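Q: I have a new model open and would like to go through it with you. Can you take my questions as they come?

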Amino acid sequence: MTRRTLARIALAGLGASAVIIAAIWFVVLPALLPDGQKPFDFYMGSMTFDQVRDLMLALGERGRTLYRYALVPLDMVLVVAYGAGIGCAIVWLRGIPETRKQHPDPYEMRRRQPAGRRIRSAVGSVFLVAPFLAAAFDFWENVLIFRLLGQGEGVSLRLMEELNRTTAYKWAFLGLSGVALFFALLGFLARRGR
C-alpha cells in the first residue's frame, strides 16, 4: 500500500467519522433520548443497574427499536470509519516507507538494536494496533447493546457487566489511539521541520 493510499484512507475514514458523529449527535440522539439521558456508548465508567433500567424505561418500546435498528447500525459504520481513519493516519504520519528493498530477518534486526530502540519499537507497535483494538471492542459493544435492547425492559446483569467491561476497554484503546495520533503528528512535524 502506498503512502498516498494510506493518506486517502485516513482522510476518508476521519471525514466519514465526522459526518457520522454529527448525524448521531444532532439528528439521531435528540430524536431518540429524553433530555439528560446518555446512550450506552457514552458511559466511560461503568453503568449501574439502575442507570441501565432507567435508560431502557426512558426509551420505551419505540425508542429501543429505533436505537437497535438505527443507532447501532450507524455506530457499526462509525467503527469501521474511525478504525481505518485513525489507524491509517498513524501509519502515514509515522512515515512507513512505501517499499522495502530488503527483507531482513526480524529477529536479527531486534537483536542488533539497542534496548531503548527495542522498547520504542514495542511501544510503537502497541500504538499502531490501538485504533484497531478500539474498533474491535466498539464493534463488540454494539453487538452487546443490540442484544441488551432486544431483551426489552428486563435487563440481564451478566450482559450488563460484559457491556461495562467492553466499554471500558474501548475507551482505553480509543484514548491510547488519540495519544498515538498525537505523537505520530509530533514526529511527522519534527521530520518536516528538518
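Q: Is E141 buried or exposed?
A: E141 is buried, with a relative accessible area of 0%. Buried means under 20% relative accessible area, exposed means over 50%, and partly exposed lies in between (1.4 Å probe, protein chains only). This is a predicted model, where local features need pLDDT of at least 70 and side-chain atom pairs count only at pLDDT 80 or more, while totals for chains, interfaces and linings use all residues. Residues are numbered from 1 along each chain as its sequence is written, and side-chain values use heavy atoms, with hydrogens and water left out.

Q: What does the E141 side chain meet?
A: The side chain of K170, in a salt bridge of 3.0 Å, N to O. A salt bridge here is a side-chain nitrogen of Lys or Arg within 4 Å of a carboxyl oxygen of Asp or Glu.

Q: Which residues form a network of them?
A: D50, R53 and D54 are linked in one. R53 meets D50 at 3.1 Å, N to O. R53 also forms a salt bridge with D54, where the closest N and O atoms are 3.9 Å apart.

Q: Why can R53 and D50 be about one helical turn apart?
A: Because they are three residues apart in helix 2 (residues 49–94).

Q: What share of the chain is buried?
A: Buried residues make up 35% of the 194 residues.

Q: What about the surface?
A: The accessible surface comes to about 11,600 Å², and 64% of that belongs to carbon and sulfur atoms. Such areas come from the Shrake-Rupley method with a 1.4 Å probe; for residues, only the protein chains shown count as cover.

Q: New topic. What is the volume of the second largest pocket?
A: About 380 Å³. A pocket is an open set of points on a 1 Å grid over the protein atoms alone, where a 1.4 Å probe fits, with protein on both sides within 12 Å along at least five of seven lines; lining residues have an atom within 4 Å of a point.

Q: How many residues line the second largest pocket?
A: 18 residues, of which I21, F42, D75, L78 and W171 lie nearest its centre. Helix 2 gives the largest share of the lining, six residues. Helix 1 (3–32), helix 2 and helix 5 each supply at least two.

Q: Is S17 buried or exposed?
A: S17 is buried, with a relative accessible area of 5%.

Notes:
Helix = DSSP H or I, 4+ residues; strand = E, 2+ residues; numbered from the N terminus. Points joined across faces, edges and corners; volume = space filled by probe spheres on them.
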